[in-house]
Amino acid sequence: MATDTYLDLVNSGFTAKVAKQLGLPRPARLRRYRAGAPLVDGPVLVLGEGGDADTLAQFLSGTSPEHKGWDLDVRRHAGEGTRFAAVVLALTDVAHPRDLAEPLLALAPVLKTLAPGGRVVTVSRGATPDQAPALAAARQGVDGALRSIAKELRAGATGNGVVLADDVPVTAPAVLGALRFLLSARSAYVDGQLLPVDSAAGALPADWERPLEGRVAVVTGAARGIGEAIATTLARDGATVVAVDVPAAGEALAAVANRVRGTALQLDVTADDAGARILEHALGRHGRLDVMVHNAGITRDKLLANMSPDRWESVIAVNIAAQLRINEALLTSGDFADAPRIVSLASTSGIAGNRGQSNYAASKGGVIGMVQATAPLLAAFGGTANAVAPGFIETEMTARMPALTRQVARRLSSLQQGGLPVDVAEAVAFLASPQAGGVVGQVLRVCGQSMVGR
Amino acid sequence: MAATPSSPTAATTTGAQRAVVVGGNRIPFARAGGPYARVSNLDMLTAALDGLVARYGLQDEVLGEVVAGAVLKHSRDFNLTREAVLGSPLSARTPAYDLQQACATGLEAVVSIANKIRLGQVESGVAGGVDSASDVPIAVSEGLRRTLLTLARAKTVPQRLKAAAALRPGDLKPATPRTDEPRTGLSMGEHQALTTAQWGITRQAQDEIALASHQRLAAAYEAGFFDDLVTPYRGLVRDQNLRADTSLEKLAKLKPAFGTRLDTPATMTAGNSTPLTDGASAVLLASEDWARARGLTPLAAVVDAETAAVDFVHGEDGLLMAPAYAVPRLLARQGLGLGDLDFVEIHEAFASTVLTTLAAWEDKEFCLSRLGLDDALGTVDRERLNVHGSSLAAGHPFAATGGRIVATVAKTLHRRRAELLAAGEDRPVRALVSVCAAGGLGVAAILEAV
């Protein structure tokens with residue numbers, strides 16, 4: 001993995017001063033998960049009027065009579081001189097674009113003193129074509145405002161939102177789960193994203209530190225890079241992990257499996273019986289299968305003009321056809337039915353396209369279509385299918401990019417740096433968790449609010 | 001030397017619990033001086049254990065015992081297996097010991113653990129073996145060694161000078177390990193060349209064995225058969241010695257390597273003899289209860305085993321002919337014939353070892369006079385022999401071969417049994433494993449599919 005030397009330079013001593021005086025981009029060291037660290041590092045301001053704002057404030061502060069909350073230091077007004085670690089804007093009640101003024105202007109002075117690694121999270125409802133135009137305008141206005149605020153934030157602070165469907169209460173597990181994820185250090189590289197929560201399904205975990213306790217998760221491509229981080233993170237969150245990779249990667253795979261106290265399964269995901277073998281291993285060894293993470297993927301970049309059939313076909317075979325076949329095996333088995341989770345790795349290339357990656361983007365766009373169409377098939381037993389779309393992540397793959405291209409790619413996001421494999425893994429772990437049951441068929445970007453695509 | 005079957009012991013009757021093979025793991029075997037040239041026995045054995053632990057989720061597990069060994073061993077590796085356990089993710093409370101019986105080390109380790117499981121002394125264990133023909137110990141000469149020891153004991157300066165004066169230039173030449181038989185001075189290949197000539201084994205027949213070995217091993221790799229038996233190591237994904245594209249023509253072109261000074265045609269080449277190899281293997285054994293409690297599938301039970309030795313020193317039998325004696329005794333004790341075996345694994349030390357053993361069993365005179373049978377033991381169906389290839393293709397890191405064969409055959413048995421059951425045929429499915437070893441030793445075992 002390449003080191004971001006520039007990030008080191010602008011964060012230490014003399015070079016930091018020079019960068020500041022020259023007005024150079026100054027990416028911050030991001031706050032990342034550490035066991036035992038507080039959820040947020042300071043007081044939390046809850047802005048907004050109405051019942052939902054009160055309910056959220058009560059929950060966050062642990063004063064709700066119905067729910068065991070998170071015991072945060074919650075304020076309802078921005079007092080002079082308070083340095084907030086996070087701001088939650090409850091905007092579920094906006095009915096007209098005019099209504100945005102009060103809460104957003106109340107946020108304005110707080111932004112200047114927001115703590116490093118701070119968080120701005122909006123909680124709003126989705127705009128749909130069947131709504132009154134003014135209501136839809138107000139709700140969609142939140143989207144534009146939040147994305148802009150996220151671009152305004154500095155020092156590793158992020159801005160994200162949770163967007164509820166009309167029939168989803170703010171106390172739904174996935175709303176609270178998403179809110180907690182976005183407030184926490186786990187979402188370090190998630191920025192400028194609005195995550196829809198479309199159902200009240202899901203369950204709050206008994207232990208927020210180990211939400212995957214008792215769950216069995218399969219991770220493909222687990223020998224290195226992002227897959228290794230996913231295996232590690234799921235195990236940290238309590239899951240028993242089956243680490244899968246091609247036989248040729250077996251040595252690294254065994255090391256990962258041993259480190260996470262899981263099992264190694266050497267398997268080519270493109271094999272016809274891959275799904276059956278995954279099921280047999282998970283059920284035989286661990287008694288169940290709850291989470292399927294499709295991370296295995298390859299790139300065979302070429303301009304379409306120069307594309308050979310094998311380059312095109314191998315990418316499609318590994319990145320999407322294998323996932324479809326494995327999912328079909330899981331879904332028809334009857335053994336993947338206890339609030340199961342499918343989390344698939346998409347890519348910003350699959351959203352925005354990327355020159356020289358038509359095959360890869362076809363496969364990753366395919367992943368997005370697949371999770372959208374697979375989620376309804378799992379809904380009956382509380383299951384979900386979602387995708388995580390990484391932006392520029394510091395891996396062996398991006399370390400092979402030409403140095404200048406890599407430097408530029410790193411700065412092309414609001415956080416002005418590449419993410420780490422663990423950032424992707426945290427998003428996967430969230431979507432795999434019981435509390436994310438109301439997030440269905442979505443694509444969660446982990447891209448530091450990349451300038452590429454939405 | 002008429003051998004009579006020994007009487008069944010308590011452990012071979014139905015009273016004791018079964019010892020089953022649950023699975024195995026090995027690193028791909030490398031040619032000496034290849035990718036593992038700078039890797040120690042301890043590194044390789046630990047890697048084999050690491051892969052086994054990862055495959056079966058044995059991290060922090062206290063196993064009954066780990067038994068393994070190496071034929072070429074450094075003196076510092078006096079506790080090789082225990083050190084490998086301590087370096088693995090197994091619980092440090094897992095006991096271990098080293099075992100050494102030349103090339104039969106791995107199979108004897110399997111038998112040792114299986115017997116303890118059957119007696120209820122342990123519920124689980126790992127049998128393994130490792131050898132490096134690259135990272136071999138080099139000792140000082142006997143002269144230098146004696147001088148150094150005398151020097152260490154010397155107390156006065158004159159005593160020291162006297163001791164040092166005894167040193168001769170020739171003593172400074174290091175002593176490299178030899179695989180020659182100490183009592184005859186002949187290499188294993190030269191010994192086998194004598195046996196090959198004695199039984200009139202042709203070059204063509206040997207090359208055919210070698211070709212089948214390469215073709216079958218290659219086909220098994222292609223079919224993914226080794227996906228849960230082998231874990232890559234140091235960039236090597238498959239056995240380095242494997243030549244998927246070899247042919248009888250290519251094999252026929254090789255020059256004879258052994259038996260060139262005999263008055264019969266020399267037939268043994270580098271192609272139909274195993275090369276010097278580096279590698280390690282490990283086999284997980286357990287009681288059925290132990291396995292099932294962990295969601296592990298028993299593949300095959302270790303039914304019985306027999307060891308034999310021959311007097312090769314006085315030329316009564318060939319050096320590697322002991323299995324020809326061990327197998328009939330083992331079959332007799334179990335009341336089985338060659339026809340009751342679905343699979344026969346005869347370690348390919350040389351292609352001609354397999355052929356001389358088969359020839360002996362087909363020879364009525366030999367079977368009557370030497371084995372004390374009423375008739376020839378019989379013929380082994382070649383379609384049941386070394387079905388996934390053997391040492392000629394995979395290579396032969398001495399102590400690691402037994403573990404390779406046992407894990408491979410256990411999986412083969414389990415598959416065959418499942419296929420038969422699916423076809424409505426419920427009958428025992430058995431395999432014979434036979435490994436010859438230096439010193440005129442031979443170990444044979446019978447496994448039965450679970």
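Two strands pair if DSSP finds at least two bridges between them. Keep that in mind for the opening exercise, and remember that this is a predicted model.

**Exercise 1: strand 3 of chain B**

Task: Work out which strands pair with strand 3 of chain B, in which sense, and whether its faces are buried or exposed.

Solution: 
- Start with strand 4 (residues 96–98) of chain B: strand 3 pairs with it in the parallel sense, over 3 bridges. In that pairing, B:Val67 has B:Tyr97 as its bridge partner.
- Now try strand 5 (residues 124–131) of chain B. Here too there are 3 bridges to strand 3, and the sense is parallel. B:Glu65 is bridged to B:Gly125 of strand 5.
- Last, check the faces of strand 3, which spans residues 65–68. B:Glu65 and B:Val67 sit on one side, B:Val66 and B:Ala68 on the other, and all of them are buried, leaving both faces covered.

**Exercise 2: helix 6 against helix 11 in chain B**

Task: Describe how helix 6 and helix 11 of chain B pack, and say what classes of residue make the contact.

Solution: 
- Take the geometry: helix 6 (residues 188–199) and helix 11 (residues 351–362) of chain B have axes 10 Å apart, at an angle of about 40°.
- That angle makes helix 6 of chain B oblique to helix 11 of chain B, and the crossing is left-handed.
- Then list who touches whom. Helix 6 of chain B brings B:Gln192, B:Thr195, B:Thr196 and B:Trp199, while helix 11 of chain B brings B:Ser352, B:Thr353, B:Thr356 and B:Ala359.
- Sort them by class and you get 6 polar, 2 nonpolar and no charged residues.

**Exercise 3: helix 9 against helix 10 in chain A**

Solution: 
- The axes of helix 9 (residues 274–286) and helix 10 (residues 309–333) of chain A come within 8 Å and cross at roughly 50°.
- So helix 9 of chain A is oblique to helix 10 of chain A. This crossing is right-handed.
- On the helix 9 side of chain A, the contact uses A:Ala274, A:Gly275, A:Ala276, A:Ile278 and A:Leu279. Helix 10 of chain A supplies residues including A:Ala322, A:Arg325, A:Glu328 and A:Ser333.
- The class count for this contact is 8 nonpolar, 2 polar and 2 charged residues.

**Exercise 4: where the chains meet**

Task: How many residues of chain B are in contact with chain A, and how do they divide by class?

Solution: 
- 18 residues of chain B contact 18 residues of chain A.
- The chain B side splits into 7 nonpolar, 7 polar and 4 charged residues.

Key:
Residues numbered from 1 in each chain as written. Chains lettered and ligands numbered in written order. Predicted model: local features only at pLDDT ≥ 70, side-chain atom pairs only at ≥ 80, totals over all residues. Axes fitted to C-alpha atoms, helices over the stretch in contact; angles between N-to-C directions. Helix = DSSP H or I, 4+ residues; strand = E, 2+ residues; numbered from the N terminus. Parallel < 35°, antiparallel > 145°, perpendicular 65-115°, else oblique. Left-handed = near helix turned anticlockwise from the far one by under 90°. Contact = placed C-beta atoms within 7 Å. Nonpolar A, V, L, I, M, F, W, Y, C, P; charged D, E, K, R; others polar. Buried ≥ 20, exposed ≤ 12 C-beta atoms within 10 Å, placed from the backbone.
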